[in-house]
Amino acid sequence: MSSEVLPPPPAVPVPDVTSSAQALRSYLHGLPGVDAVGLEARAAALGTRSVKTTAKAYAIDLAIAMIDLTTLEGADTAGKVRALCAKGVRPDPTDRTAPRVAAICVYGDMVATAKEALAAAGGPEVHVAAVATAFPSGRAARAVKLADTAEAVAAGADEIDMVIDRGAFLSGRYLDVFEEIQAVKAACGRPDGSRAHLKVIFENGELSTYDNIRRCSWLAMLAGADFIKTSTGKVGVNATPANTLVMLEAVRDFRRATGVQVGVKPAGGIRTAKDAVKYLVMVNETLGDDWLSPQWFRFGASSLLNDLLMQRQKLSTGRYSGPDYVTVD
Amino acid sequence: MAHQKFAYAPAPESRAVVELAPSYGLFIDGEFAEAADGRVFKSVSPSSEEVLAEVARAGEADVDRAVRAARKAFTKWSALPGAERGKYLFRIARVLQERARELAVLESLDNGKPIRETRDVDLPLVAAHFFYYAGWADKLEYAGCGPNPRPLGVAGQVIPWNFPLLMLAWKVAPALAAGNTVVLKPAETTPLSALFFADVCRQAGLPRGVVNILTGYGDAGAALVAHEGVDKVAFTGSTEVGKAIARTVAGSRKKVTLELGGKAANIVFDDAPVDQAVEGIVNGIFFNQGHVCCAGSRLLVQESVQEEVLDALKRRMATLRVGDPLDKNTDIGAINSAEQLARITALAEAGEAEGAERWAPPCELPRSGYWFAPTLFTGVTQAHRIAREEIFGPVLSVLTFRTPAEAVEKANNTPYGLSAGIWTEKGSRILAVASRLRAGVVWANTFNKFDPTSPFGGYKESGYGREGGRHGLAAYLAEPGEAAGGRGEGEGELDR
């Protein structure tokens with residue numbers, strides 16, 4: 001996995017639906033609707049799959065390798081970030097076979113610290129993801145958002161998690177949102193021509209309807225998002241199985257329409273191994289094997305890792321350990 | 001790691017929760033007894049062809065004995081205050097909940113349906129029906145069936161093999177709540193859960209003779225329907241048998257309700273929520289291996305979205321997991337019997353012979369047992385047999401339409417009328433189309449949803465009468481002014 005790996009070229013050109021605000025609006029509103037009752041029933045049904053023994057062991061390791069281990073607190077310090085990096089590289093000090101996480105997710109000002117800490121911990125291949133664009137509210141002038149992004153990229157961020165302007169989306173100014181995503185994507189560029197991966201955060205809880213989430217998924221993918229992400233983790237409703245399922249269906253349909261594969265990242269509120277496995281089942285049965293890798297699916301989480309590690313210890317020892325058998329960082 | 005596959009490990013439910021005896025008798029007057037002529041038959045597991053148990057085969061003499069027992073019990077049972085009858089029903093409902101896991105495994109073994117359906121759908125609904133009708137037992141005056149509602153007497157009930165315990169609940173719960181006693185004959189391929197239900201009745205302390213279970217073949221069912229001492233006949237099953245029953249009881253004082261076949265239209269309009277519609281189509285036809293009388297076996301899809309919907313449907317069908325019914329990850333279990341498999345196979349072959357295009361996802365079927373892969377026929381027209389005849393298996397016929405009027409016309413162009421489905425994001429269209437569909441149940445943006453409070457029944461050859469809800473009670477109560485059966489002269493005649 002590396003940031004140089006780009007999605008395959010489109011099989012079909014992306015439809016030109018962004019020539020005007022009206023064209024984009026018509027296109028997004030022409031997408032099939034989402035029936036909330038049916039969607040939630042399907043998400044719940046997938047949650048009843050029974051994953052045991054070898055399948056469970058595989059799922060737990062896969063989930064660990066998909067984690068964007070996150071600290072996004074106002075109180076973050078360099079010490080806190082270093083500890084998190086060490087944990088991301090060596091999640092279970094008692095068992096070196098535990099996989100590393102995919103990335104460490106921090107605020108932009110901690111990128112350099114995280115990069116150094118990962119290198120020092122012997123895990124330079126673990127990515128650093130930075131939230132940008134006036135995270136979590138997204139309420140700032142575009143110039144500020146772009147500067148925020150450029151600064152994080154310059155500090156060495158491998159991935160940028162941007163928030164969309166929900167106000168613009170909810171007031172129907174889809175083209176503004178589209179152009180902002182494109183501008184942020186351009187700001188992800190590095191001097192050597194490569195660029196940081198762009199994850200676009202919707203804040204599903206604020207978009208509020210599944211129809212909006214579906215439209216927003218298409219909007220972000222049309223604008224060039226590498227990943228679409230459910231939420232910031234800072235509001236009441238974050239990732240849910242149902243709102244993630246809408247996004248999984250959207251990336252599936254988008255690849256079919258354009259040939260471009262986009263990743264999905266649910267974030268916020270996924271705390272247990274059991275929950276994580278349910279998300280993996282959804283990926284497995286909606287998207288299949290093509291998305292079952294850290295390159296195409298991530299969990300934005302902090303406490304999830306410890307529960308996965310405890311379940312992992314249970315599988316290898318046959319006994320439940322307890323919170324003191326995993327590290328608190 | 002990314003190159004490995006996320007393959008679910010087998011997750012079979014334990015059979016140890018079910019203690020099966022080698023043989024079972026008939027349940028008459030609170031006791032298990034052999035058939036009068038000592039005949040027996042075997043119940044096999046359709047997924048493995050393993051013999052599960054030997055069961056007594058009821059004949060005419062046994063039917064007579066059971067009806068007499070029910071008749072005798074009726075006097076006391078119908079005289080109980082409604083609140084007392086309600087207590088027994090509540091007790092049965094609670095025992096069913098306590099034994100839900102055992103009964104779910106048993107039903108799965110005997111019927112071949114997946115455990116996730118018996119566990120998540122059948123058993124919760126079975127208990128819900130008893131709870132619901134228990135609540136009505138002391139409120140019959142408020143059911144809208146006239147003042148001082150009276151029970152009919154002895155109900156002779158014959159049920160099919162597709163939902164053995166659920167069909168039992170649909171029939172037994174309202175009958176008992178209204179004050180009737182019952183003689184019930186389960187299907188010959190799925191007799192076991194009814195016999196376990198007999199044990200549930202004993203556990204709940206139900207008085208002797210109130211519920212009698214006769215396991216047997218069609219001859220026992222016919223004898224039960226024809227028996228003089230039966231006041232009410234309730235049947236769920238094929239239209240062919242339903243017609244025979246209607247002929248038998250014609251001109252008699254017996255009341256009848258029939259829930260027969262169906263060939264439901266599931267109509268997908270161009271503005272439907274596609275992903276959820278696909279789930280509804282799958283649930284409509286592949287739920288319970290398509291052994292559902294109200295299955296959405298005719299997909300009517302608007303021509304303008306045909307390709308999109310079919311692509312999505314095929315992709316979804318490819319993820320259906322066919323196999324061991326006791327595995328918690330199985331979506332589609334075994335076909336109930338060799339006879340039924342032969343019928344499905346023959347109709348599918350007729351579909352091909354008549355020019356429809358057959359498609360099934362690649363799926364490996366187990367070697368023993370009776371299996372049929374989920375199958376789709378495209379290019380089907382109203383003139384094809386697979387568009388007209390009930391297949392009662394996991395076979396979907398896809399037809400197309402251009403306008404709402406054409407959709408309604410095609411949907412109604414069937415001898416049946418049990419259910420229908422409408423998929424559209426437009427509320428006004430749901431109402432307009434639903435009011436023109438001649439079907440007992442019309443689901444909008446969902447399919448195969450059941451609830452004890454909601455009446456269920458058909459138009460045309462799908463039968464008459466309603467089960468569930470207040471309407472289901474009415475079928476077990478005498479109409480105002482009508483002499484209730486089972487009292488006075490009824491009993492005398494039988495005892496002569």
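I looked up the second largest pocket and found 35 lining residues, with A41(A), A45(A), N283(B), F287(B) and K449(B) nearest its centre. Pockets were searched on a 1 Å grid over the protein atoms alone: a pocket is an open set of points with protein on both sides within 12 Å along at least five of seven lines, whereas a cavity is a set of points where a 1.4 Å probe fits but cannot get out. Lining residues have an atom within 4 Å of a point.

Before going on, I noted that this is a predicted model, where local features need pLDDT of at least 70, side-chain atom pairs count only at pLDDT 80 or more, and totals for chains, interfaces and linings use all residues. Residues are numbered from 1 along each chain as its sequence is written, chains are lettered from A and ligands numbered from 1 in the order in which they are written, and side-chain values use heavy atoms, with hydrogens and water left out.

**Second largest pocket, continued**

I read its volume as about 970 Å³. A volume here is the space filled by probe spheres set on the grid points, which are joined across faces, edges and corners. Two or more lining residues come from each of α2 (36–46) of chain A, and α4 (115–136) and α9 (274–286) of chain B. Helices (H or I, at least four residues) and strands (E, at least two) are DSSP runs, numbered from the N terminus. The largest share, seven residues, belongs to α2(A). I sorted the lining into 15 nonpolar, nine polar and eleven charged residues. Nonpolar means Ala, Val, Leu, Ile, Met, Phe, Trp, Tyr, Cys and Pro; charged means Asp, Glu, Lys and Arg; the others, Gly among them, are polar.

**Largest pocket**

I then turned to the largest pocket, which holds about 1,300 Å³ of space. Its lining has 47 residues, and W161(B), E188(B), S238(B), V241(B) and R343(B) are the closest to the centre. In chain B, the elements giving two or more residues are β4 (40–44), α7 (218–226), β9 (232–236), α8 (239–249) and α11 (338–353). α8(B) gives the most, with six. By class, I noted 23 nonpolar, 14 polar and ten charged residues. At least three lining residues come from each of domain 1 and domain 2 of chain B.

**Domains of chain B**

Where do the domain bounds fall? Domain 1 of chain B is 15–260 + 458–495, and domain 2 is 265–444. These bounds come from an automatic or database domain assignment. I found the C-alpha centres of the two domains 30 Å apart. In contact (heavy atoms within 4.5 Å) are 33 residues of domain 1 and 33 residues of domain 2. Together the domains bury about 2,700 Å², and carbon and sulfur atoms give 56% of that. Buried area is the accessible area (1.4 Å probe) that two parts lose on being put together, summed over both. On the domain 1 side, W161(B), Y459(B) and K460(B) lose the most area, together 21% of what that side buries.

I found one salt bridge across this domain interface. A salt bridge is a side-chain nitrogen of Lys or Arg within 4 Å of a carboxyl oxygen of Asp or Glu.

**Chain A against chain B**

Five salt bridges join chain B and chain A. I also noted R256(A) and D311(B), whose side chains meet in a salt bridge at 2.4 Å, N to O.

**Backbone and salt bridges**

Most residues other than glycine have a negative phi, and most peptide bonds are trans. I noted that the peptide bond from F135(A) to P136(A) is cis, with omega near 0°. P136(A) sits in the loop between β3 (127–132) and α6 (142–154) of chain A. E203(A) has a positive phi, near 60°. E203(A) lies in the loop between β5 (197–201) and α9 (204–207) of chain A.

How many salt bridges are there over all chains? I found 56 in the whole structure. One pairs D161(A) with K229(A), at 2.8 Å, N to O.
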